[in-house]
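Please examine the model shown below, first as a whole and then residue by residue. The paragraphs that follow lead from one side chain to its surroundings.

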Amino acid sequence: MPLKNNQNSELDILPMGLADIEAVHLIECRCHSHPWSKNLFLSNFGKRYFNHLLLENGQVVGFFVAVPLLAKSP
């Protein structure tokens with residue numbers, strides 16, 4: 001179910017796909033002085049990564065790339 005923000009925009013969180021790299025890279029370049037390259041984003045797909053998009057009214061407005069970390073037992 002989509003979320004609503006204060007302006008009644010529809011917000012969705014969806015898994016990132018390879019087709020989303022252009023939009024994600026554009027945001028990355030606008031937000032960081034040393035942005036990740038498209039190739040670096042492409043290398044962060046697979047079972048160990050959690051990549052998602054934030055969409056507002058169907059447009060990509062945010063994203064995250066995450067990898068779970070497990071603590072080593074003593």
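This is a predicted model: local features need pLDDT of at least 70, side-chain atom pairs count only at pLDDT 80 or more; totals for chains, interfaces and linings use all residues.

Phe41 forms an edge-to-face aromatic pair with Phe63, with 5.5 Å from centre to centre and 75 degrees between the planes. This pair links distant parts of the chain, since Phe41 belongs to helix H2 (residues 38–42) and Phe63 to strand E4 (residues 59–66), 22 residues apart. Phe63 itself is partly exposed, with a relative accessible area of 25%.

The number of aromatic pairs comes to two. In the pair of Trp36 and Phe41, the ring centres are 5.1 Å apart and the planes stand at 55 degrees, so this pair is tilted. Trp36 is partly exposed, at 32% relative accessibility. Through these ring pairs, Trp36, Phe41 and Phe63 are joined into a cluster.

Phe41 also belongs to the largest nonpolar core, which has eight residues: Met16, Ile21, Val24, Ile27, Phe41, Leu53, Leu55 and Val60. Helix H1 (21–31) and strand E3 (50–56) each contribute at least two residues to this core, and H1 gives the most, with three. Leaving aside residues up to four places away in sequence, Ile21 touches Met16, Lys38, Phe41, Leu42 and Phe45.

The surface also has a nonpolar region. Ile13, Leu54 and Val61 make a nonpolar surface patch of about 240 Å². Ile13 lies in strand E2 (residues 10–15). Is Ile13 buried or exposed? Its relative accessible area is 56%, and Ile13 is therefore exposed, as the value is over 50%.

Key
Residues are numbered from 1 along each chain as its sequence is written. Side-chain values use heavy atoms; hydrogens and water are left out. A nonpolar core is a set of buried Ala, Val, Leu, Ile, Met, Phe, Trp, Tyr and Cys residues joined through side-chain atoms within 4.5 Å. Buried means under 20% relative accessible area, exposed over 50%, partly exposed in between (1.4 Å probe, protein chains only). Helices (H or I, at least four residues) and strands (E, at least two) are DSSP runs, numbered from the N terminus. Contact means heavy atoms within 4.5 Å. Patches are made of residues with over 30% relative accessible area and no salt bridge: like charges are joined within 9 Å, nonpolar side chains (Val, Leu, Ile, Met, Phe, Trp, Tyr) within 5 Å. Accessible areas come from the Shrake-Rupley method with a 1.4 Å probe; for residues, only the protein chains shown count as cover. A salt bridge is a side-chain nitrogen of Lys or Arg within 4 Å of a carboxyl oxygen of Asp or Glu. Rings of Phe, Tyr and Trp (its six-membered ring) pair if their centres lie within 6.5 Å; planes under 30 degrees apart count as stacked, over 60 as edge-to-face and the rest as tilted.
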